[in-house]
Amino acid sequence: MLALLAALAFGLASPNGASARLPLSQCEDNIDNDGDGLIDAPSDPGCTGNNANQAGNDNNEENVVPPPACSDGVAPDFPAAYQCAYAGDPSATGVMTPCSNGVDDDADGVTDWVGLPLGDPKCLWAADPQEIGRACSNGIDDDNDGFKDWPADIGCPNPNNNNEANLPQCNDGRDNDGNGLVDFGPGPRDPGCASAADTTEATSPSPPTASPQCSDGVDNDGDGKVDYPNDPGCTSRADEDEVDPPVPPACADGIDNDGDLRIDLADPGCSSASDNDEFHTITFITPQGEVVSRLPLLSPFPIIRMRGAADRRGVRISLLSVRAPAASTVSIYCTGPGCPRKRVVIRAGKAIVRARQFEKRLRSGTILKIYVTKPGYMGKYTRFRLLRNRPPLRADRCATRPGTRPHSCPES
């Protein structure tokens, strides 16, 4: 499912011949510029807007303080709430969309965004304005140019784009004729461009066109790696420059970034050496024959323990512990009478985390909801309802983000 969840980080707008492409802003460049583990609009709470048109106006991913209403950890939050059009939405007052209206709009047998594997995989968040697949991530060569979807097709600036058609040279954001000038505008225009729809930047007569460096079969930057997808300097076959970025992408840094014991191009989460995200999804077929993708389970999967004694007033808790993987987050929500804290968040640095704030007497009717989560993984959810003179009622399920609605864990 990461392909789907990672897709959240891109805009939805399709390019057109009316306006030339500018260099991508921080909120649409597929880079975690502020290092918070979230990338681009609509996923990063530092980005305004939920599509490329709006994200292009925001060149700063830095999160605001205090966090906006749709990312403050108090429900409703993005991506589970239809009220939240994007993670940085300060209002949480949106209306239902095709991905939250309870209707199977595309008649594919699954309805809305409720978190995979239960929801519609074409809904990328609850407020997603469409429940249909996008041309740049549907597995089809829509423009019949021999390349399918992002990042292989040069016509796809991101997975959410709904048009694979290649842009004309005078509107593709590239210096195609190597004269230092790009496109028809804005700014200094290439003299070979009569309009944004002009198919060539070259002035007449046109020189012979050489293959881009990332598809010419030559190790242009001398790093021992040739062309896309093997060279970390190549973002696609049409990339004109093989030079590696100063900081190696996650899929070329020699590090097991997602902790699955597979590194770089050997990791199924890496589509190319320039891919900056090693997290991957697992694909399986439901009993109904539907192909569904989901995030891999946290490993080792968390173990949550409560020990105590019940009496006529409630439960005296002597131990509340969580065995959690390193770098995961333990979020505990408390509701009901006598909660010592409404919410506690603990970053797991050791194998076992103690929630000592709740190791005391709690009254009957109190509910504890515990989430153990990590970006890129399906995590654990446990709920305890405390009763008088009886052991607590316990429910265990799965969840991907703290505070969101839990769902059944996959069988395998």
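Visitor: Is Asp 311 buried, partly exposed or exposed?
Guide: This is a predicted model. In it, Asp 311 has 22% relative accessibility, so Asp 311 counts as partly exposed. The cut-off for buried is under 20%.

Visitor: What does Asp 311 form a salt bridge with?
Guide: The partner is Arg 361, with the closest N and O atoms 2.5 Å apart. Asp 311 sits in the loop between β3 (303-310) and β4 (314-323), and Arg 361 belongs to strand β8 (residues 361-363), so the pair ties together parts that are 50 residues apart in sequence. Arg 361 is partly exposed as well, at 25% relative accessibility.

Visitor: How many salt bridges does a search of the whole structure find?
Guide: The search finds 4. One of them joins Arg 354 and Glu 359, with the closest N and O atoms 2.8 Å apart. Arg 354 is partly exposed at 32% relative accessibility, whereas Glu 359 is buried at 17%.

Visitor: And which residue does Lys 380 pair with?
Guide: Lys 380 forms a salt bridge with Asp 396, at 3.0 Å between the closest N and O atoms. Lys 380 is in strand β10 (residues 379-387) and Asp 396 in strand β11 (residues 390-399), so this pair ties together parts that are 16 residues apart in sequence. Lys 380 is buried, with a relative accessible area of 10%, while Asp 396 is partly exposed at 38%. Arg 394 is linked with Lys 380 and Asp 396 in a network of salt bridges.

Visitor: New topic. Where does Asp 198 lie?
Guide: Asp 198 is in the loop between α2 (52-55) and β1 (282-285). With 17% relative accessibility, Asp 198 counts as buried.

Visitor: What does its side chain reach?
Guide: The side chain of Asp 198 comes to 3.3 Å from the backbone nitrogen of Thr 200. Beyond neighbours within four places in sequence, Asp 198 is in contact with several residues, among them Pro 168, Cys 170 and Cys 193.

Visitor: Then Cys 339: buried or exposed?
Guide: Cys 339 counts as buried, at 17% relative accessibility. Cys 339 is placed in the loop between β5 (329-335) and β6 (343-347). Not counting residues up to four places away in sequence, Cys 339 touches Cys 334 and Thr 366.

Visitor: Last one, the whole chain. How many helices and strands are there?
Guide: The protein chain has 2 helices and 11 strands. Of its 412 residues, 43% count as buried. The chain exposes about 19,800 Å², with carbon and sulfur atoms supplying 53% of that area.

Definitions and conventions: Residues numbered from 1 in each chain as written. Predicted model: local features only at pLDDT ≥ 70, side-chain atom pairs only at ≥ 80, totals over all residues. Heavy atoms only, no water. Helix = DSSP H or I, 4+ residues; strand = E, 2+ residues; numbered from the N terminus. Buried < 20%, exposed > 50% of the residue type's maximum accessible area, 1.4 Å probe, protein only. Polar contact = N/O pair within 3.5 Å; in protein donor to acceptor, adjacent residues only side chain to side chain. Contact = heavy atoms within 4.5 Å. Areas by Shrake-Rupley, 256 points an atom, 1.4 Å probe, with all protein chains shown as cover. Salt bridge = Lys/Arg side-chain N within 4 Å of Asp/Glu carboxyl O.
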